[in-house]
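My notes follow in the order I made them.

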Amino acid sequence: MSDTPNVVTGDFEAPTTEPPPAAENPKSESAEARREIHDMWVAGTEEAAWMRNYTDEGAQEMLEAGSDPAVEIHRGTTVEDDFVFDDEADDDELQILNMGPQHPSTHGVLRLHLELDGETIRRVKPIIGYLHTGMEKTAETLTYMQGSTNVTRMDYLSPMHMELAFSLAVESLLDVEIPERGQAIRILLTELNRVSSHLVWAATQGTDLGAVSMMIYGFRDREYILEFFEKTTGLRMNHNFIRPGGVAADLPDGWEDDIEQIISKVAAGVSEYEELFNGNPIFRDRTMGVGVITPEECNALGVTGPMARAAGINWDIRKAFPYSGIDKYDFDVPLGKHGDVWDRYLVRIEEIKQSLSIVRQVLETMPAGDYRTTDRKITPPPRKRIDESMEALIHHFKLFTSGFKVPAGETYTAIESPRGELGMYIVSDGRERPWRMHARTPSFNHVQALPAMMTDSLVADIVATIASADPVLGDVDR
Amino acid sequence: MSESTMNDTVFEPLANAFPDVKFEQVLNSKQDVATVPSEQYLDFVIAARTAGFETFADLCGVDYLRRDPRFEVVLNLVSHTHVRRLRIRVGVPGSNPLVSSVTGVFPGANFYEREAFDLFGILFEGHPDLTRIVLPDDWEGHPLRKDYSVGSVPVRFKESPKAQ
């Protein structure tokens, strides 16, 4: 896998921004004194550039990523903290703090139980379950036809992926082939959904670190995609559009123009975000070396998706176990190096661009034909046929009253959701309802990995780390 | 539907080391499943990790109610080197639902085993913190068991004289 040619290596160039000019502060005597010295003695020598950028708060020029020893210490390559956790120690030393479940930066109802030694976090325990609604139990009472209405409510930021994972699992038990157009529509919608989900991540990551305007930009650009979803499926979220057997309907007239519009608007938006973030010293300082997770920790904790790729693990289910014909399209898997919040930002921004490229390829190569399988035991007949054919009427009636039966067996089918590996484990006993349905949701693992990323870091980094893990609490609690 | 995977280079060493483990390939040979006796479960998981299945994916419980053993714990592992998945199934008796914990091998199983304990009442021996995770601590019963009914809340409609 490591020699796959279609891979952007983690060498993201630091932006070559000109260092900002020194602050003009005529009131400061020291600055004036320095300028005098500069004019008298060092003008024209090598120190001149350094002196020009020197302000009251130190040198203000950009540093190359990783070139600063302080950053290296912070990234974990050099250990300077010699604190040893002692269970027997006096509890007065540590302060217990509960963050959440109503804290606005926990992206829902996540609660963190923190043990603080001054400003440093010594232990974290994520406490979840505030949004648990027993969806896995509900799934056992719904037929396979109704099942996708249930799963789509788990990860409400990427409902298309939830529906696709469920449909693929049911189809693997049924052993049906989906027509090419149906598969292409699925890829189109899921990749658009990946973009919209990453846009929400960009919006929240920005606003959690103080770039409140990012909130507006992210949600503004996501709206273009949601409008298209509403036009196609009738709803902005919880679509129930991708169903076992294909998709619910064909794409609306004029969808090509809509997609063109989305691609150009979102691509323009993404370059705005890069302008906003890449050279921003505050954003760089608050993300570089923060929330580090190593590849070994990722594997052991089941951390997948952009988080694992930011740590340098070259693993994307779209490449490893292709589904719905995604292998027909050409795209790259961006990788990071350090596994910190900054690398996750770079990886996700690049994933938006790659997904837009997939969407463009789908637009150019959309095959003609059926959008769902013509097996009438699984998908209902067209409305017109019901008036003409008794058999079609019976099929329609049976499907909508009792659903279809699925052969006994068990399956685990996984896809690459915007957050990581989204798996669906279904046990069928040969009837219309699943005997057991279990969703392996990436946010669950990422919340579990928060202690590994936060321990021995500062309280101020909690918010940046949670935002970079991009948890959806509906996905965690189910 | 099932066939032997004995001549598979990835699984051959595992199959030779664990003769009691039943390997099969299901769903058009796309998914690899190993059914493991519960006393060899932990050893097999360690051996599977050594054989290249280094990434933890998923763990969940299943209740088969009238089957013996009643419960099953299903563990999914991924190998990045072989680009394959392995599903490990282990039966857990209903009378004494106790099985080894794999948190020592894969720390990622921690939350999943707590979830299986919470929703099925399966006990994991050696788990560092086996407490309820998604339900409140004072909840009674284990809702995903098949003998736990879905339940309902009586709703009284305003205009209906019948509903009481």
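**Entry 1: a hairpin in chain A.** I started at the hairpin of β5(A) and β6(A), which has 2 residues between its strands. There A:Gly118 takes a positive phi near 70°. I keep in mind that this is a predicted model. I then checked the pairing of the two strands. β5(A) covers residues 111-117 and β6(A) covers residues 120-127. They run antiparallel and are joined by 7 bridges. I looked up two facing pairs. A:Asp117 stands opposite A:Thr120 in β6(A). A:Glu115 faces A:Arg123, again in β6(A).

Entry 2: A:Leu97 sits opposite A:Leu114 in β5(A).

**Entry 3: a second hairpin in chain A.** Next I moved to β10(A) and β11(A). They form a hairpin with 4 residues between them. A:Gly420 in the turn has a positive phi of about 150°. The strands pair in the antiparallel sense over 8 bridges. A:Ala414 is placed opposite A:Gly423 in β11(A). I asked how many residues of β10(A) are buried. The count is 7 of the 8, so β10(A) is largely enclosed by the rest of the structure.

**Entry 4: where the chains touch.** I listed the contact between chains A and B. Chain A puts in 29 residues and chain B puts in 26. On the chain A side, these elements each supply at least two residues: α4 (135-141), α11 (295-301), β10 (409-416), β11 (421-428), β12 (436-440) and α17 (442-448). Which element of chain A gives the most? It is β11(A), with 4 residues. I then sorted the chain A side by class. I got 10 nonpolar, 13 polar and 6 charged residues.

**Entry 5: two helices in chain A.** I looked up how α6(A), residues 159-174, packs with α7(A), residues 180-208. The angle is about 140° and the axes are 8 Å apart. Is that roughly antiparallel or oblique? The cut-off for roughly antiparallel is over 145 degrees, and that makes α6(A) oblique to α7(A). A:Met160, A:His161 and A:Leu164 come from α6(A). They meet A:Arg186, A:Leu189, A:Thr190 and A:Asn193 in α7(A). By class, this contact has 3 nonpolar, 3 polar and 1 charged residues.

**Entry 6: the sheet in chain B.** Here I found 5 strands in an open sheet, ordered β1-β2-β5-β4-β3, with mixed pairing. The edge strands are β1 (22-26) and β3 (55-63) of chain B, each pairing on one side only. Neighbouring strands are turned by 20° on average, direction ignored. I checked one parallel pair. β2(B), residues 31-36, and β5(B), residues 84-92, are joined by 4 bridges. B:Val36 stands opposite B:Val90 in β5(B).

**Entry 7: helices on that sheet.** α2(B), residues 41-50, packs on the sheet and touches β2, β4 (71-79) and β5 of chain B. Its direction makes about 175° with that of β5(B). α3(B), residues 109-120, lies across β3 and β4 of chain B. α3(B) runs at about 5° to β3(B).

**Entry 8: the core.** The largest nonpolar core has 148 residues. Which members touch the most others? They are A:Ala165, B:Val73, B:Leu77, B:Ile88, B:Ala116 and B:Ile122. Beyond its neighbours within four places in sequence, B:Ile122 is in contact with several residues, including B:Phe71, B:Val73, B:Val92 and B:Ala116.

**Entry 9: chain A overall.** Chain A has 20 helices and 12 strands. Of its 478 residues, 45% count as buried. Among contacts in chain A between residues at least 6 apart in sequence, 71% join residues at least 24 apart.

Notes: Residues are numbered from 1 along each chain as its sequence is written. Chains are lettered from A and ligands numbered from 1 in the order in which they are written. This is a predicted model: local features need pLDDT of at least 70, side-chain atom pairs count only at pLDDT 80 or more; totals for chains, interfaces and linings use all residues. A nonpolar core is a set of buried Ala, Val, Leu, Ile, Met, Phe, Trp, Tyr and Cys residues joined through C-beta atoms within 7 Å. A residue is buried if 20 or more other C-beta atoms lie within 10 Å of its own, exposed if 12 or fewer, and partly exposed in between; C-beta atoms are placed from the backbone. Two residues are in contact if their C-beta atoms, placed from the backbone, lie within 7 Å. Ala, Val, Leu, Ile, Met, Phe, Trp, Tyr, Cys and Pro count as nonpolar, Asp, Glu, Lys and Arg as charged, and the others, Gly among them, as polar. Two strands pair if DSSP finds at least two bridges between them. Axes are lines fitted to C-alpha atoms, for helices over the stretch in contact, and angles run from 0 to 180 degrees between N-to-C directions. Angles under 35 degrees count as roughly parallel, over 145 as roughly antiparallel, 65 to 115 as roughly perpendicular and the rest as oblique.
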